[in-house]
Amino acid sequence: MQFDWSAIWPAIPLLLDGAKMTLWISILGLAGGIVIGLLAGLARTYGGWISNHIALVFIEVVRGTPIVVQVMYIYFALPMALPDLRIDTFTAAVITIMINSGAYIAEITRGSVLSIHKGFSEAGLALGLSRSEAIRYVILPLALRRMLPPLGNQLIISIKDTSLFIVIGAAELTRQGQEIIAGNFRALEIWTAVGVIYLIITQALNLVLRRLEKRMKIL
């Protein structure tokens, strides 16, 4: 089959709409995932027995199940269990990214916090800070700098994971590509365009992250 460039240009607007949806799902999902991950990671590190084990169960369940199963559970199974609950595809996709990325960010948080030498915490306590204040003002600012590279990596993973939401019909980039192919039957050209758009997005993010890491002097 000959590669037909003319099949790509009419599809660009729809593919860009899908790319916007992909970015919205990823950014909103990761924002929520950071909150969940920080809470779960701190619970794993500094929490009591109950909070520690609740966070552990959450992390192990999410990391031990495929993201496709998670999104199908949220979109299809929950409304069956709760008849009054209605979840649209966009909301289901964002919630899935939040939960999925939150479990991984929890372990990123725990590893970053534990990597900070205990001397910093002891210095904060010696200056009269409470334990919670030492964590908030001394440990977390240092840990967050070390979290930046793996958080950037998680953002890129989340962007690529959105392609799996094709199973619930979310209008992200991969879904848009599939619908275009259903109309023009030019799979080679459209999937090439979809792959190039994903590559442009991820490489642009890589560039921004590298500049940010360099600016913050993260080794």
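Here are some questions and answers about the predicted model shown above.

Before we start, residues are numbered from 1 along each chain as its sequence is written. In this predicted model, local features need pLDDT of at least 70 and side-chain atom pairs count only at pLDDT 80 or more, while totals for chains, interfaces and linings use all residues, and side-chain values use heavy atoms, with hydrogens and water left out.

Q: How many helices and strands does the protein chain have?
A: Helices (H or I, at least four residues) and strands (E, at least two) are DSSP runs, numbered from the N terminus. Reading from that end, the elements go α-α-α-α-α-α-α-α. The tally is eight helices and zero strands.

Q: What share of the 219 residues in the protein chain is buried?
A: Buried means under 20% relative accessible area, exposed means over 50%, and partly exposed is in between (1.4 Å probe, protein chains only). The C-alpha trace spans about 70 × 50 × 25 Å along its principal axes. Of the 219 residues, the buried share is 38%.

Q: Of the contacts in the protein chain with a separation of 6 or more, what percentage is between residues 24 or more positions apart?
A: A contact means heavy atoms within 4.5 Å. Counting those with a separation of 6 or more, the part from residues 24 or more positions apart is 78%.

Q: Which residues does glutamine 154 contact, leaving aside its neighbours within four places in sequence?
A: Glutamine 154 sits in helix α6 (residues 131–161). With a relative accessible area of 5%, glutamine 154 is buried. Setting aside neighbours within four places in sequence, its contacts are Leu30, Ser101, Tyr104 and Ile105.

Q: Where does UniProt place the feature "domain: ABC transmembrane type-1"?
A: UniProt positions are given in the numbering used here, feature names are shortened, and annotations may be inferred rather than shown by experiment. In the model, residues 19–209 are 84% helix and 0% strand, with the end C-alpha atoms 20 Å apart. The unreviewed UniProt entry puts this domain at residues 19–209.

Q: Which residues does the UniProt annotation "transmembrane region" cover?
A: Over residues 54–78 the model is 88% helix and 0% strand, and the end C-alpha atoms are 21 Å apart. Over residues 190–209 the model is 100% helix, with the end C-alpha atoms 29 Å apart. According to the unreviewed entry, the annotation covers residues 23–42, 54–78 and 190–209.

Q: How far apart are the closest N and O atoms of glutamate 179 and arginine 175?
A: A salt bridge is a side-chain nitrogen of Lys or Arg within 4 Å of a carboxyl oxygen of Asp or Glu, and the count here is four. Glutamate 179 and arginine 175 are four residues apart in helix α7, so about one helical turn separates them. Glutamate 179 is partly exposed at 43% relative accessibility, and arginine 175 is partly exposed at 24%. Their closest N and O atoms are apart by 3.2 Å.

Q: Which glutamate meets arginine 110 in a salt bridge?
A: Arginine 110 is partly exposed, at a relative accessible area of 24%. The N to O distance is 3.0 Å, and the partner is glutamate 107.

Q: What is the angle between the planes of tryptophan 5 and tryptophan 9?
A: Rings of Phe, Tyr and Trp (its six-membered ring) pair if their centres lie within 6.5 Å; planes under 30 degrees apart count as stacked, over 60 as edge-to-face and the rest as tilted. The count comes to three aromatic pairs. Tryptophan 5 and tryptophan 9 form a stacked pair, 6.4 Å centre to centre, and the angle between their planes is 20°.

Q: Is tryptophan 9 buried or exposed?
A: Ring pairs link tryptophan 9 into a cluster with Phe3 and Trp5. The relative accessibility of tryptophan 9 is 56%, so tryptophan 9 counts as exposed.

Q: What is the phi of phenylalanine 185?
A: Most residues other than glycine have a negative phi. Phenylalanine 185 is in the loop between α7 (173–184) and α8 (187–215), and is exposed at 64% relative accessibility. Although not a glycine, phenylalanine 185 has a positive phi of about 60°.
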